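Work through the exercises below on charged side-chain pairs. Each task is followed by a solution in steps.

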Amino acid sequence: MKTPLLFALLCCTGLAAHSQSAPGNALNIAGTINYVAVSHTVSFNSMPITVMAWVNTTAASGQQGLVNKYVANSLNGWNLYLLNGRVRAWYFVSDTRNVWGGGNGLDGGFIADGLWHHIAFVVDSAGGRIYVDGVLRASQGWTGASGATTTTQEVRIGSYPNGNSGFIGSILIDDVSVWNDNLNTGEIQVSMNGGLPGSGANRLAYYPCDESGGTTVADLAPLGGNNNGTWVGTVVFTPVLPSVQTLAATSLNFTQATLNLSANPNRSTIAAGFQWGITTNYGNAQTAATFGGPASTTNQNHALVVAGLVAGTTYHFRAFASNSATVVFSSDQTFRTLGLGVDTLPASGMTATSATLNGVVNPGGANAFAWFEWGLTTNYGNVTPPQAVGSGTSDINVSQLLTGLSGGTHHFRVVASNSFGVVHGGNHVFTLPVFTFVTNFPGLTLGGAAWGDSDNDGRLDLLLAGTQLFGSFVEIRADVWRNSTNGFVLTSTELPEVTGDFWPGAVAWGDFDRDGRLDIALSGSVDGTPLVATTEVWANSPSGFVRTDRGLLPKLMSGTIEWADCDSDGQLDLLLAGWEPSTSDYHLDLFRNVGGFSPSNVELPPLEYGPVKGADYDNDGDIDLLVAGKRLVTVLTELLRQTAGAFTNVAPEIAPGLPPVYASSAAWGDFDNDGRLDFVIAGNASTGLVCQVWRNTGVIFTNVPIPGLRGVSFGSVAWGDFDNDGWLDLLVTGKTNMNTAGAISEVWRNTGSGFTNINAGLPGVSLGTAAWGDYDNDGRLDILLTGTTNGTPSGGISQVWRNQTLLSNTPPTAPSGLNVTLAGPTAVFSWNAAHDAETPAGGLSYNLRVGTTPGGGEIVNPMASTTGQRRLPQLGNAQMAMFRHIHHLPAGQTLYWSVQAVDTAFAGGPFAPEQSFVIGTVFTPTNGVPVPGDQNGDGIVSQDELAAVLENLNGNGVLTESDLNLVLSNYFANSPFLQMTNVAGLGGTNVTFALTNDLSGAFSVEFSTDLADWHFLGPAMPCYVFTDTNAPAQPQRYYRLRWP
């Protein structure tokens, strides 16, 4: 029966369908151990008897049963079988009474041609006959007296018991029937053509074989009844479908072509025709012929003339054949009409920077020229020189070598022109490697690596540490490689040799002493000794690197180091995590930078085997922390929000589902350019390896699924805009399983609507570092890869891969609208957004500079040159916020400040025009009247301002009585300790007030009814209580204290 779905398919494609029933399924008998068994019943020993079936096979060797009730050499029963591709049969009552003729029995001829054949074997008192496709092929009389067989052997379909021999292949068997009748030629032909001979009263069994599964093959004969067959071995039902083949188009001219096909109905009535069009979507369909029937089993050729075609155009076409059950399509072919025609062919000969474009042009009989258009998009934008291709009517191959290409995907097409017009070929693409290998450094694993311009020459240098293997000799090292005009040069340092055990050592650049030179912090095991560790800070001085930590830091390994200004004083503090071998303690410590490094009392979760990443995710001006790792058996991932100098884990509330991971890595970055920092985290979770991107919505973090992004551990993740489209892309390395193999290094391009793996061709590494940095200053982020390719030091690599994308990044503009708001020794610096040609404004970060000299960074060093070039490829120190507050600024001197924008490729724009201000002792309020002792210009002296002001009101180091009285007169009027509270007696005859603090001496109390005219009420007696006995007489009275 035709289904509604099939009907819709036929209608929408313009393909004809037919009401005649299709043959359905067939038994697929493969090998010699799979068959259908039907239990013995006496009726199957009848004589006369007719056995019929449809058979299709290409197996031309060996012996295999088709339908039989016979065991080899038993000389009792009947057998219809296949021998070396020929259909054979016999009928035995005994060795002296049979229809056999000797040898292999009756020979119906060769049928193993891959086509369907109808087979019939008839036995009656006159003898036996084999019919193939309704035609008598062989006959044999009785030897001895005729009679019925007496075997109790079961009927088998697809097997010859004890007689299968040397058969290789399969046989399709369908529509098997057994009759207690000697059907004649006409009746056999009726059955072959889908009819029922006579009334069908003598049909003992009928197996249509149309089941789609299960082990039962149903008997649908009306009289035989309950002779169902059972599969033995592997059950396989195969649909019987029409077949069709697309043949080459012929009779081509400018607007017309003849399409050709060959189709086999395979026992059904079919409509055969074509689909055609200029693409494989086709768009046109038409039937060429309707033919076939239940007995139609041979190929027929048909043709269709299609007109109205476009000259010189390549068309796709394919043949189809449809019956009442299905539509079958052949393969696609093409033809091109006469006239000027072109086809773009695939590019060839690709190298890192070159490719050959290819095409074919048919001039169509008029003189023609051809060329290529190419570019990074289908707008192309580039053309090659024209080539003469003559005026013939044959295809002419054209090609053009392109050199000096950038990495990435390139589009191209061939174009030709002559008197017929201009014709464009289809678009093709080729892809060149985005990243090419540049140079090797000592192959390190279990170490840290970082980009940083340590010598302020405008080129990023490398800090590398870890384990290197020389044959059987292991060397531990920590080196600075200077990026010179002649390449990278090893710089002599006294840095300690650090590495890791099962987790890499850690290194980090940062200007902790604000002298404009990048310093180094590093930790790990020393000299490869598993239980000896160190944590050290080395200052970058004009004479080289000098150790400055004095050995006071905990000596850690299996951890991480992070520089971050956690207390907003402009100085980089130090975050240390890891395991301390000497005490077996786990650490996550914050050391505040107070000129040296001082332990803080901030409580943080100790951990190893994971990252500590500082970022202001909520844009409140304070550094928050993302930490992950383990201690003993506890695995954790926490998002620590900083409030009033303390850190609180808010992950359960604002990042529900964030998995605890270890052997982990993480990175902050605003991948969706909404001005809020998102993060990526990877590692070993309880559910397996993960690598997840979490989006900051401003309220919570949500996991953003990235199809195809594999989980990794012992790896590294980093954000960076490698293709300069303004969106942060993702670099991921690490193990994809917990074995030594399976490491990856992948670049995932951020399209703005998702992430795509660019298949960068980088070597997979683990136990190392992956970092972005533009080492050659060409405006494109390059890649630093360190780690092991095989899980051991023997596979250690340290490599730089150069970015070859076409587009070069341009830095952002300078921010505008600079403003500073002062509150005592604290300043809040703010500005308006900058602009960038590639990065949306929401994706820009900002970098503040504050100094005591013009252009200086003595208070907040930007780690950038005066021209804005960054010395570290990272977010600006204000991150995504357009303000930053700095505490503990020095008073009484001019401070200079500016800010720059940083784009997604970490290019710093120019600093805004420099501003200056003074943290003084007197600021002018908005009404223009200065108040002595007011430090922030709000017109009052607050409690916080009092102590600082009393130290040095006039800047002369002398505090006089008049100075004191002047300041106190402003202070007491606003002191939080002298507010009137505890009102009692409202509604009565007296109203009593009490002060919040018991200070010696009396204060004058004044009242007013309009806040303009104030009148003396009396002293507060005792010193902190007073009563107004006239209050009830007034509808409203105001009170204030006055000192003295």
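A salt bridge is a side-chain nitrogen of Lys or Arg within 4 Å of a carboxyl oxygen of Asp or Glu. The model is predicted, and by this rule the count comes to 31 salt bridges.

**Exercise 1.** Decide whether D723 and R749 form a salt bridge, and state where each residue lies.

Solution. Step 1: the closest N and O atoms of D723 and R749 are 2.5 Å apart. Step 2: the cut-off is 4 Å, so the pair D723 and R749 counts as a salt bridge. Step 3: D723 sits in the loop between β57 (713-720) and β58 (729-735), while R749 belongs to strand β59 (residues 743-750). The two are 26 residues apart, and the pair links distant parts of the chain.

**Exercise 2.** Classify D723 and R749 as buried, partly exposed or exposed.

Solution. Step 1: buried means under 20% relative accessible area. Step 2: D723 has 11% relative accessibility, so D723 counts as buried. Step 3: R749 has a relative accessible area of 31%, so R749 is partly exposed.

**Exercise 3.** Describe the salt bridge between E373 and R413 in the same terms.

Solution. Step 1: their side chains meet at 2.7 Å, N to O. Step 2: E373 is in strand β28 (residues 368-375) and R413 in strand β32 (residues 408-418), 40 residues apart. Step 3: E373, at 15%, counts as buried, whereas R413, at 21%, counts as partly exposed.

**Exercise 4.** Which residues are linked with D457 and R459 in a network of salt bridges?

Solution. Step 1: D457 and R459 form a salt bridge, with the closest N and O atoms 3.0 Å apart. Step 2: the network links D455, D457, R459 and R482.

Note on methods:
Residues numbered from 1 in each chain as written. Predicted model: local features only at pLDDT ≥ 70, side-chain atom pairs only at ≥ 80, totals over all residues. Heavy atoms only, no water. Helix = DSSP H or I, 4+ residues; strand = E, 2+ residues; numbered from the N terminus. Buried < 20%, exposed > 50% of the residue type's maximum accessible area, 1.4 Å probe, protein only.
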